[in-house]
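Notebook open, structure loaded. I'm jotting down what I look up as I go.

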Amino acid sequence: MLGGIFSLHSSWKDRHDSYEQKPPLLECTSLNFRGFQFAQAMIFAIEEINNRTELLPGLSLGYKIYDSCGSIARGVKVALALTSRDSEGPMEQLCTRPAQVQGIVGETSSSPCMAIATVVGPFHIPLISHFATCACLSDKVKYPSFLRTIPSDYYQSRALAQLVKYFGWTWVGAIRTNDDYGNNGMATFTENAQELGICLEYSVSFFRTDPPDKIQNIIDVIKASTSKVIVTFLSHLDLDVLIHQLSHHNLTGYQWVGTESWIFDSHTAAVDRKHILNGAIGLSIPKVHVRGMREFMLDVKRLNSSGDDTFRQFYETLFNCDLDGTKSSAGIQCSGFEDLGNIQNSFTDMSLMPIFNNVYKAVYAVAHAIHDILGCNTTCNTTVKLNSFAILQQVKKIRFRTKDGDEVHFNENGDPPAKYEIINWQPTANGAIKFVTVGFYDAAADIQLKVFKRSLIWAQNSQKVPVSVCSEKCHPGTRKVLQKGKPVCCYDCVRCAEGEISNITDSVTCVRCHPEFWSNEKRDACTKKKAEFLSYQEVMGTLLTLASLFGCCLTFIVACVFFKYRKTPIVRTNNSELSFLLLLSLTLCFLCSLTFIGQPTQWSCLLRHTAFGITFVLCISCILGKTVVVLMAFGSTKPHSHVMKWFGPLQQRLSVLALTLIQVIICVLWLVIAPPFPFKNFKEFKDKIILECAVGSVVGFWAVLGYIGILAMLCFILAFLARKLPDNFNEAKLITFSMLIFCAVWITFIPAYVSSPGKFSVAVEIFAILASSFGLLICIFVPKCYIIVMQPEKNTKKTVRSKRTIKSF
């Protein structure tokens, strides 16, 4: 014996209990053709099994079917009746002996199923629902004997979230039935939607029995919203009530996303006369055809011959006639041979065949379990005593195929495999709605969601996918900044800062470019920074190179003049050996400036500062030697003076060598401890790389410059002291001017160098080298060359002696 609990009526008469006497029985109203079809599907499956010889041979299945009227309280009551061997009940098939039910098929909704499962769970009676989808029913601790032949909303909610994300809808509204089905389903959808970056502008609930003002509030919320997509977890009965109100306010243009409870329900489509739901998309149970079931359900002769009051009531309501002639005289007498050919209502609608198939599979699941327990082959072992616990355990393990090839099995939670078709409501030429399959969802597949975009029709018969976002997409080059007090889907698009990019749409952050790269104008890609250094090809580098070469040439000319006239008094009296060494060092000074031009390399960085330091020390050492010679020479003219013998040519060479050697030692220590190296400066300019030479050891760098500065100051002081000695015999005055220029150049060099950006700092350093070198060359040698070349009459011994004599006294 199998039990069945269906809502043969959809409502009941309201009553007011006084609590002074026992409440009367619930009086059901509003016949529900859909519930009746479910009961018919159960009867069809049982009769088909009883007529088969390979399944339960020699045994027959009976049934007890109760009407719950959609009431949770009545559902619990009839469940208790099924478990307590109650022999009374509508539509009970006559049987030779009473028997406890071995399984229950039903209920249709989740909330009644939760209550019924709680009642029958301790008895271990399997309760198999065909349409209760609440994920909460998968809890085997609370509902140990509950199973179902329809997938759980655990999967449907995720599938809906993926479907919404697939079409780029991130700003949606949500409406749900205020029961376990709607509340649990929407809660799971909301959780998954948030993980996918989808926001709910509003989420409202109602029940079909709510007062009109609450439904009006929902209408007002929809009107005030900016989202154009509405996701629903509504039963078809609740949606019918809502559609009526939406039609009254003519709220069209919204894209509806639905669940299996209404998305392929032709009755709902018929109720929607204002085409509110046109273009709706949602998930449905895959279409199926059960052979023989349609013909069985439409066999109305069974209704008037069953002798059951409920069947007769259905018959009379279906054909709007009176079978017994007991109704008012205005009623039409039923003949018993009425034809369904002219009837168009939910009873003749077979679009719910997938749900009928779920009832069919539930009955077969119990039958296969009993078949396995009794060890049926050609016959069944009837000596085995059946108990509900054994049947429940066997139902959980069964795996079989129906006659139409549909595989049936349950997972550890009592749920079947989650497979859905994606249905789209498409209007036809005559105004009717066609349910078109536009995709599939399989929770077990690698690619779960598949959608055929070309065949889709959207709200208001549009061919274009609706847009429902709180904020427009942020294009590459920008990032999202959340709007204060609003969901994460509401944001402003802010352009990435300099040096940062975003190369994807709706980026939440901007990525900083590698130091060697910089963001382009659109801020969507990093481009390699231009490497900047003082090159020979640019104008500044060319001019400085020419100046350096000009200095070398000028020095060479002076050297040639001095060499040609090396026997003349001016050249000889001015220490020709130190003069030639000074000219050589000046040539090296001019040439060392070239090491500062061009791309820095390891060798150029090592060479430029060390060569500069050594050549300038050599140069100043020569000048210092010449200055000391002048002072010594005039000091030796005093009686009994032997100064010159202590600073002769050998001592002069050694002093220059010693002073230069000190600088060489400093440079060697610098190169050994922390030498200069090529360095990419990213901080000077944001969009350029400055290629320069890092000094390595700062102490070594300043030691080199400091030593040059000490020698220069010493040379300047000595030359200043000897500035008034006879002009023809000493260079003190010229040296004083040259060292004054030298010191002025390098003192002004420091602030100019620090404040000059990038390659200009190198240019300032080169300019300082050239300027100081030209200053020394011009101040010391040009006046002498002028006399040698232009005034040779002054370059004689006689002139030299006369001058010396006059100056001596």
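This is a predicted model: local features need pLDDT of at least 70, side-chain atom pairs count only at pLDDT 80 or more; totals for chains, interfaces and linings use all residues.

In which loop is asparagine 250 found? I traced the chain and found asparagine 250 in the loop between α7 (236-249) and β11 (255-258).

Phi of asparagine 250 is near 55 degrees, a positive value in a residue other than glycine. Its relative accessibility is 49%, so I put asparagine 250 down as partly exposed.

Serine 30 sits in strand β3 (residues 28-31), and with a relative accessible area of 44% it is partly exposed.

Then I looked at a peptide bond. Glycine 106 and glutamate 107 are joined by a cis peptide bond, with omega about -15 degrees. I placed glutamate 107 in the loop between β5 (103-106) and α3.

On to helix packing. Helix α2 (residues 72-83) packs against helix α3 (residues 110-120) at an angle of about 30 degrees, and the axes are 9 Å apart. I noted the crossing of α2 and α3 as right-handed. On the α2 side the contact includes Ile72, Val76 and Leu80, and on the α3 side it includes Pro112, Ile116 and Val119.

Last, the cores. The largest nonpolar core has 92 residues, of which Met42, Ile175, Leu242 and Trp256 touch the most other members. Helix α12 (residues 353-373) gives the largest share of this core, 13 residues. Another core of 64 residues lies apart from it, with Leu534 and Phe612 among them.

Terms used: Residues are numbered from 1 along each chain as its sequence is written. Side-chain values use heavy atoms; hydrogens and water are left out. A nonpolar core is a set of buried Ala, Val, Leu, Ile, Met, Phe, Trp, Tyr and Cys residues joined through side-chain atoms within 4.5 Å. Buried means under 20% relative accessible area, exposed over 50%, partly exposed in between (1.4 Å probe, protein chains only). Helices (H or I, at least four residues) and strands (E, at least two) are DSSP runs, numbered from the N terminus. Axes are lines fitted to C-alpha atoms, for helices over the stretch in contact, and angles run from 0 to 180 degrees between N-to-C directions. A crossing is left-handed if the near helix is turned anticlockwise from the far one by less than a right angle, and right-handed if clockwise. Contact means heavy atoms within 4.5 Å.
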